[in-house]
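Good morning, and thank you for coming.

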Amino acid sequence: MKNIIWDFMARQKLEEESGVSFEMLNMVKRDMAWACIEKLFHIDGFYTAVFKVYKEGYFPCSWTGAYPLGKFVVM
């Protein structure tokens, strides 16, 4: 099976950064899995909000304020 991620990393010359990028990809996959579970149970929860952040093209890296009144800190 062709690994699209490795091909992209080679084109971008990011082979030395693979540990960080795969860790970040695993975090995104985990967040999306939980967002799917919330969707299945018709819950508009934390991971549904995380999904919206990703969909807008940002990376959620922290939270400021008391949940649920605070907001995401994004990159």
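Predicted model: local features only at pLDDT ≥ 70, side-chain atom pairs only at ≥ 80, totals over all residues.

Let us begin with V53, which touches Y58, F59, P60, F72 and V74, not counting residues up to four places away in sequence. Contact here means heavy atoms within 4.5 Å. Residues are numbered from 1 along each chain as its sequence is written, and side-chain values use heavy atoms, with hydrogens and water left out.

To which core does V53 belong? The largest nonpolar core has five residues in all, namely V50, V53, Y54, F59 and F72. By a nonpolar core I mean a set of buried Ala, Val, Leu, Ile, Met, Phe, Trp, Tyr and Cys residues joined through side-chain atoms within 4.5 Å. Helix 3 gives the most to this core, with three residues. In soluble globular proteins, nonpolar side chains tend to be buried together.

Helix 3 itself covers residues 46-55, and its buried residues are T48, V50, V53 and Y54. Buried means under 20% relative accessible area, exposed means over 50%, and partly exposed lies in between, with a 1.4 Å probe and protein chains only. Helices (H or I, at least four residues) and strands (E, at least two) are DSSP runs, numbered from the N terminus. After helix 3 comes G57, whose phi is positive, near 95°.

I turn now to M32, in helix 2, which spans residues 18-40. Leaving aside neighbours within four places in sequence, M32 is in contact with F51 and Y54. M32 and Y47 are 15 residues apart in sequence, with their C-alpha atoms 7.4 Å apart in space.

Next, the aromatic residues. One aromatic cluster is formed by W34, F46, Y47, W63, Y67 and F72. Rings of Phe, Tyr and Trp (its six-membered ring) pair if their centres lie within 6.5 Å; planes under 30 degrees apart count as stacked, over 60 as edge-to-face and the rest as tilted. By this rule, the count comes to eight aromatic pairs. Why is the pair of W63 and F72 edge-to-face? Their ring centres are 4.7 Å apart and their planes stand at 85°, so the pair falls in that class. W63 is partly exposed, with a relative accessible area of 26%.

F46, which lies in helix 3, is also partly exposed, at 29% relative accessibility. Apart from neighbours within four places in sequence, F46 is in contact with E38, W63, Y67 and F72. Another member of the cluster, W34, lies in helix 2 and is partly exposed at 44%.

W34 also takes part in a nonpolar surface patch of about 560 Å², together with I37, L40, F41 and I43. Patches are made of residues with over 30% relative accessible area and no salt bridge: like charges are joined within 9 Å, and nonpolar side chains (Val, Leu, Ile, Met, Phe, Trp, Tyr) within 5 Å. The accessible areas come from the Shrake-Rupley method with a 1.4 Å probe, and for residues only the protein chains shown count as cover.

How many salt bridges does a search of the whole structure find? The search finds two. A salt bridge is a side-chain nitrogen of Lys or Arg within 4 Å of a carboxyl oxygen of Asp or Glu. One joins R30 and D31, at 2.8 Å from N to O; R30 is partly exposed at 41%, whereas D31 is buried at 7%. K52 and D44 also meet in a salt bridge, at 4.0 Å from N to O. Here K52 is partly exposed at 43%, and D44 is exposed at 63%.

Finally, the backbone. Most residues other than glycine have a negative phi, and most peptide bonds are trans. H42, although not a glycine, has a positive phi of about 55°. H42 lies in the loop between helix 2 and helix 3 and is exposed, at 75% relative accessibility. Is the peptide bond from Y67 to P68 cis or trans? That bond is cis, with omega near 10°. P68 is found in the loop between strand 1 (60-64) and strand 2 (71-74).
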